[in-house]
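Here is a short briefing to read alongside the model.

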Amino acid sequence: MSDTVDTPRAVATATTGPGAAAYRNLIAATVGFTLTFWAWNLISPLGGAYKDHLGLSSFQQSLLVAVPVIVGSLGRVPVGALTDRYGARLMFPLVTAFTIVPVLLLIPARDSYAAMLGVGFLLGLGGTTFAIGVPLVNSWFPPARRGFAIGVFGMGMGGVALSGYFTPRIAKHGENLPFLVVAAALAVFAVLGALLITDRPDRPVPTAPLSTRLGSAGRLRVTWELSALYAIGFGGVVAFGVYLPTYLKTWYELSPTDAGTRAAGFALVTVVFRPIGGWLSDRVHPAVVTAGALVLVALLAIAQAFDPSLVPMGTICLLGMAAGLGAASGSVFAMVAQVTPQPQVGSVTGIVGAVGGLGGFVPPLVMGAIYSAKDSYSIGFMLLSDLALAGCVYAYGRMRGVRPE
């Protein structure tokens, strides 16, 4: 499909609402985001097997799992800026195709820890597609529908949960099979993405050098305000995804299988509530939605700090926090669409997404350190409550009046 075919639809989108081209791009981007996030998370579900096979320490295993996530988070900054310049039509299929290489390299690298770290570094590329999809979806949907659309796209983060569930099960039928299956899926999408994804013909294309555009985005105050809020929302999602199984096994003495199942339920709730947060932001100011979601997280974190029984109160608290963090993740990116100049959406998205992803690695370290020192998780949940409450106050008090600079 050519851009010229979509030009009348693009004009109609701005006045009457999103057309077929908008929804085609949204569906294609969400599928691609899901698949690349599955690839991004291929090492984590098999971390225990790598630990036994390579004789790794707990720290070495943690580093192996963390490398793709850190690289994927930081890589969103340049990839977002490149998307502003070259468009998602080029960047999405290209990044997807390049991600196939490290996925297949996981097969010969499995016998060397150093090789696994190197491949994990390259695998981080799969985590950068978030910064491609947001400006694409943002450009195709009018302001009144962007919150919901970006929230739907954000459901692609469920690729991490899909990887956690399916990767070890596929591996039971062959240790190399998960990598072959994911590589094949990425190859198919790279072709389909090149055919289905189109950039808005009238999208503004920046001409300044990459360093200049990143510097310009970094000088926007809203970039760092949104980064802080996203670090609380999405960072909380990442933190619980990493640490919740450990917390459930340690404090509630659940079996690894039961803890993993409950953690998957937590992840599912965050995925479902992300578009709900975006949908609400189309009807109420996204800063208000963010504030409401974070105050819910703060109150439930206080309740969880008193160590309630897992059934029913603990489950209610944890799933309620999942809903709040998921909704906040969706509403913050609805704010990105409202307060960021259109030519800089990709650059700002890259920075905000990077900070949000990195924000998930501090809380697990804090929780582990507090438990080691105090034999309790209560202080950690109280700190989460304080952080969420601070984000609530800032979102409601400051962000409601922000306009594009």
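**Rings, cores and cysteines**

R200 lies over the face of W140, 5.7 Å from the centre of the ring. That arrangement comes from a predicted model, as does everything below.

**Aromatic pairs**

- The structure contains 17 aromatic pairs.
- One of them joins Y230 and F234, which are stacked with 5.2 Å from centre to centre and 10° between the planes.
- Both residues belong to helix 12 (residues 221-251), where they sit 4 residues apart, about one turn of the helix.
- Y230 is buried at 1% relative accessibility, and F234 is buried too, at 7%.
- W251 and Y377 make an edge-to-face pair, with centres 6.1 Å apart and 85° between the planes.
- This pair links distant parts of the chain: W251 is in helix 12, while Y377 is in the loop between helix 17 (362-374) and helix 18 (378-397), 126 residues apart.
- W251 is partly exposed at 27% relative accessibility, whereas Y377 is buried at 1%.
- Y230 and F234 also belong to one aromatic cluster, together with F33, F37, W40, F130, F153 and F333.

**Nonpolar cores**

- The largest nonpolar core has 86 residues, and the members that touch the most others are L226, F240, L248, M321 and F381.
- Helix 15 (residues 310-339) supplies the largest share of this core, 15 residues.
- Beyond four places in sequence, L226 touches V332, M335, V336, V339, T340, V352 and M399.
- A second, separate core holds 21 residues, including L46, Y50, Y113 and M116.

**L123 and its surroundings**

- L123 is part of helix 6 (residues 113-123) and is buried, with a relative accessible area of 0%.
- Setting aside neighbours within four places in sequence, L123 contacts A39, W40, L42, I43, P68, P102, V103 and L106.
- L123 and I43 are 80 residues apart along the chain, yet their C-alpha atoms are separated by 9.2 Å.

**Cysteines**

- How many disulfides are there? The count is 0.
- The sulfur of C317 is 18 Å from the closest cysteine sulfur, that of C392, so the two are too far apart for a bond.
- C317 is buried, with a relative accessible area of 0%, and C392 counts as buried at 12%.

Conventions. Residues are numbered from 1 along each chain as its sequence is written. This is a predicted model: local features need pLDDT of at least 70, side-chain atom pairs count only at pLDDT 80 or more; totals for chains, interfaces and linings use all residues. Side-chain values use heavy atoms; hydrogens and water are left out. A nonpolar core is a set of buried Ala, Val, Leu, Ile, Met, Phe, Trp, Tyr and Cys residues joined through side-chain atoms within 4.5 Å. Buried means under 20% relative accessible area, exposed over 50%, partly exposed in between (1.4 Å probe, protein chains only). Helices (H or I, at least four residues) and strands (E, at least two) are DSSP runs, numbered from the N terminus. Contact means heavy atoms within 4.5 Å. A disulfide is a pair of cysteine sulfur atoms within 2.5 Å. Rings of Phe, Tyr and Trp (its six-membered ring) pair if their centres lie within 6.5 Å; planes under 30 degrees apart count as stacked, over 60 as edge-to-face and the rest as tilted. A charge sits over a ring if NZ of Lys or CZ of Arg is within 6 Å of the ring centre and within 35 degrees of the ring normal.
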